[in-house]
Amino acid sequence: MARLFRWAAAAATLLLVLTFSASEYSKPGDPGPPPDLSEPIALTPEELRQPPNIIIVLSEAFWDPTQLPGLQFSRDPIPFFHSLQKSFPHGTMLSPMFGGGTANVELEVLTGLSYRFFPPDSVVYEQYIKQPTPSLATILSAQGYKATAIAPFHQWFFTSTDVYRYLGFSRFIPLEFFNPDEFVGPYMGDAAVARRITEESERSPGPDFIFANTMENHYHYYPGKFKRNTIDVKGDGVSAETIGLTETLAQGMAGADRMLQSLVSHYSTVREPTIIVFFGDHLPSLEKYNAYVDTGYISGPDDPDFLEKMYHVPLVIWNNYMPRGEAEKLHMSPSFLGPHVLKMAGREGSDYTDYLGELSKKLPVLPPAEHYARYGIDPALAGEYARRQAEQFAEAQRLAPQRSEGTFELGYGQPRLQDITTGGGSRSERHGPLQLTLEGGRFGLGCTVFVDGQAVPTTWRSESTLQALVPRELIGGTGTLAVQIKVLDSKENVLAVSETLSFPAQRH
């Protein structure tokens, strides 16, 4: 049902997009040659004393498809990720999810709350985050950081707007504030997310904590999902379906790898200490397990190494300022990632994150309870973790009435409406609708023009220009038109509203 719901939401996105006409398709740019990462950037002692930017990217279903045996790829889908593994901390995390459930992985990374201790099949964001809850955002905001969340999907999905506000972020940029020419396939491209990450850090004078997730590589992986594939896959004894799925998957992974390279290239030249954490949330569902079984990666759901093979996701942590040394190998649960990053950045944690940091030395991964013996898990340590988590969560609920929420802005706030002209330079239209050109900013996917309180057909031209067609029935008589821009989501919730401009029109 969750998968069907997500696809219904995706369909709603596409319907929303159809109300816009982008001026042209914006293909993700070539990130250029990989940067030289052999030495950190030469920052001054004063610059090195600054708190580092911390950028965490949850890359949707990121995984290395070349692990599938018996397949030959015409090129490495993720060469830059592989290059970082040679010199920077990297490894795997034992995800609590397979094929979906991104929000539950987010929860672990941001809060240190383990999904293992919530009821099975729950979506914690939707069911339990109903009050201010300590997170990396609250910890770092208290130390002068600007905390921003970026998610290129509907603001209402997983109750994201409420959740990010409760977790202490001061800004959340959802799908409705992206541009309609930034799609790559059916979802928003990873390059568009990378762009907003760099924008947000550039406009903030102090240190930034940015948490972003992506959608370009989201399920499904049917052939033809992307405009063109640049990676060919061959394999003896595997089905055409598997070849098609893995070629599409490889193309999506290549987009994620380009995003990672563009971010590292950018922050390799920024004179601010910066840490970038990049990981996958779960393995991709290739028609659930079909391609994994077909290639012999697993024998089936009863494979003795099923948990090991199907729930470990890749992780790399890059920085632009620390001395280079032997790459640290990492192996942890997502709930321990936050404390690890805080320590790496030299930031003060909370009592809870300090506890998790110490616990991770004895209990680096927390599998399902039925696997404790195989992983050598001390049930007493896991039980203490469950108790401390319950106390942490109960304390958040108890203190909720006393906590005042900080400032929070959705997207880019109120759209600016500065000028209105007619398409042909005339202020009247005797035949057909009146075409208006609206100038201002920052216009995105959700922007819709309203005239005298009614929505009219809107065409997105750029972040500073919209065009609208005013039906003749709205132009009857003599007077002015009240013109306004509203940011709407796919459920027609109003997210932001511009000021109203009066536009003189010759009505007849």
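Trainee: Which residue is the bridge partner of valine 449 in β20?

Mentor: That would be isoleucine 485. Keep in mind that this is a predicted model.

Trainee: Thanks! How do β16 and β20 pair, and over how many bridges?

Mentor: They run antiparallel, with five bridges between β16 and strand β20, which covers residues 479–488.

Trainee: What other strand is joined to β16?

Mentor: Strand β17, residues 454–455, is joined to β16 by two bridges, again in the antiparallel sense. There, valine 451 has glutamine 454 of β17 opposite.

Trainee: How many residues lie between the strands in the hairpin of β16 and β17?

Mentor: Two, and aspartate 452 takes a positive phi near 50° in that hairpin.

Trainee: Is β16 itself buried or exposed?

Mentor: Buried: five of the five residues in β16 (447–451) are, so the strand is largely enclosed by the rest of the structure. Cys447, Val449 and Val451 point one way, while Thr448 and Phe450 point the other way.

Trainee: Switching to β1, why is that strand described as largely enclosed?

Mentor: Because seven of the seven residues in β1, residues 53–59, are buried. Both of its sides are involved: Asn53, Ile55, Val57 and Ser59 point one way, Ile54, Ile56 and Leu58 the other way, and all are buried.

Trainee: And what does β1 pair with over seven bridges?

Mentor: Strand β10, residues 274–280, in the parallel sense.

Trainee: Which residues of α15 are buried?

Mentor: Ala382, Tyr385, Gln389, Gln392, Phe393, Ala396 and Leu399. They cover an arc of only 140° around the axis, so they sit on the same side of α15.

Trainee: What does that buried set pack against?

Mentor: The buried residues of α15 pack against α13 (351–362) and α14 (372–375). On the face turned away from the buried side, you'll find the exposed residues Pro379 and Ala380.

Trainee: Last one: what reaches the backbone nitrogen of alanine 380 at the start of α15?

Mentor: A side-chain oxygen of aspartate 378, which comes to within 2.9 Å of that nitrogen.

Methods
Residues are numbered from 1 along each chain as its sequence is written. This is a predicted model: local features need pLDDT of at least 70, side-chain atom pairs count only at pLDDT 80 or more; totals for chains, interfaces and linings use all residues. Side-chain values use heavy atoms; hydrogens and water are left out. Buried means under 20% relative accessible area, exposed over 50%, partly exposed in between (1.4 Å probe, protein chains only). Helices (H or I, at least four residues) and strands (E, at least two) are DSSP runs, numbered from the N terminus. The arc is that of the directions from the helix axis to the C-beta atoms. Contact means heavy atoms within 4.5 Å. A polar contact is a pair of N or O atoms within 3.5 Å; within protein, one must be able to donate a hydrogen and the other to accept it, and residues adjacent in sequence count only if both atoms are side-chain atoms. Two strands pair if DSSP finds at least two bridges between them.
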